[in-house]
Amino acid sequence: MRYLLLSMIVLLLAACAQSNELYYYGNSSQSYYRAVKYGDDNSRLDYKNSLNKVFEKSAARGLKVPPGLYCDYAMLLLKEGQLAEAKVYMDKEKAAWPESGPMVDLLLQRYFQPGK
Amino acid sequence: MNKMTYLWTGLALMSILAGCAITPTATMANSYPRMYERKPISILILPPINNSTAADAKEYFSCSLGEALGLVGYYPLPVEAVFSILREEGMYDTETVTPVVLSNLKKYFGADAVLISSIEKWDKSWFLTSGTLTIDAKFSLLSTENAETIWDYHTITKVKLGSSSDNIFMSMVESAIKTAVEDYFPNARRANIYTFERTIPYGKYHPSYNIDGERTVHENKVGVFEINK
């Protein structure tokens, strides 16, 4: 009887511990807003850092990175001239979200061609 | 019981019933049948149309729409990337979305539907010991397949900016300052997340996708939400 009660408590605690969240966005939307509002290097860096935090926390919590955020990070890298790294994140977006295929192909064609 | 007692009892009952008036609701399936037929997954968010007096409301409002749609299971096309291309193509301020435009958005972006939003009101008011931030917005989702409206809703979010002070003078000063310095964005974000969570059928990536037809929304597709700060 004691073991049955203990098992039930453990199962209950495990159920409570399981997260119901679909994604972890952190303060990425707020940071994006500030990057749009101020448009300076500091706010863009904050936005980039907030996205990195989303990637880390999502991995730690076993969650998928929210839709579009790999692409958003790629666009920031593109602005910094880091084309190779930006393409890595574009590919991550396409791999994680099949629906992003046409959009990612459009961006690659538009911004990643030599001479652009 | 005498006649007067019956009269007073009747009046009291009528008052109670009037106070208990039920908000007319309809199920998601009945309100938005095309959402369940078309099953859109990818949504392109167009820059909001700004009908308010706040010149910069457009950008601030749009920065949380991706998160709000993502949390209810849709794939919102990355806002900044979409806006960059629309700016370059001279379409950022377009307020007319024709079937040809929708068809091109499907062809080039792979969008199943387009979110159109308009900011009707974006302002603060203050009176004595309390202030209110009002965000009045209309949303609609258009299918890129045939340009029909498959979802729409009108929300009015009122953020109450009161004071916790017992002193009436301090309360007036505190609420006036709160109203003057309140940052719109966090409240717009909460309003958008709240709106989509309660009014749109869940998308493909949500655990309750396609089994939420019995959820209810206001029959007239309009809602007033209050957020107390």
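Trainee: What should I know before I start?

Mentor: Residues are numbered from 1 along each chain as its sequence is written, and chains are lettered from A, with ligands numbered from 1, in the order in which they are written. The model is predicted, local features need pLDDT of at least 70, side-chain atom pairs count only at pLDDT 80 or more, totals for chains, interfaces and linings use all residues, and side-chain values use heavy atoms, leaving out hydrogens and water.

Trainee: How much area do chain B and chain A bury between them?

Mentor: The size of an interface is often given as the accessible area lost when the parts come together. Here that's about 2700 Å², with 65% of it on carbon and sulfur atoms; buried area is summed over both parts, using a 1.4 Å probe. In chain B, the residues losing the most area to chain A are B:C63, B:Y75 and B:Y205, together 22% of what that side buries.

Trainee: And how many residues are in contact?

Mentor: Contact means heavy atoms within 4.5 Å. By that rule, 35 residues of chain B touch 28 residues of chain A.

Trainee: How many salt bridges are there between chain B and chain A?

Mentor: Look for a side-chain nitrogen of Lys or Arg within 4 Å of a carboxyl oxygen of Asp or Glu. The count is three. One pairs B:K204 with A:E99, the closest N and O atoms being 3.2 Å apart.

Trainee: Which helix gives the most to the side of chain B that touches chain A?

Mentor: Helices are DSSP runs of H or I, at least four residues, and strands are E runs of at least two, numbered from the N terminus. The answer is α6(B), with seven residues. B:E80 lies in this helix.

Trainee: Is B:E80 buried or exposed?

Mentor: Buried means under 20% relative accessible area, exposed over 50%, and partly exposed in between (1.4 Å probe, protein chains only). B:E80 counts as buried because its relative accessibility is 16%. Beyond its neighbours within four places in sequence, B:E80 contacts A:Y32, A:V36, A:D72, A:K79 and B:R87.

Trainee: Which residues are buried in helix α2 of chain A?

Mentor: In α2 (residues 28-38), they are A:S28, A:S29, A:S31, A:Y32, A:Y33 and A:A35. Their cover includes α3 (41-61) and α4 (69-79) of chain A, along with elements of chain B, among them α6 (79-88) and α9 (184-199). Just after α2(A), A:G39 takes a positive phi of about 60°.

Conventions
Buried area = accessible area lost by both parts, 1.4 Å probe.
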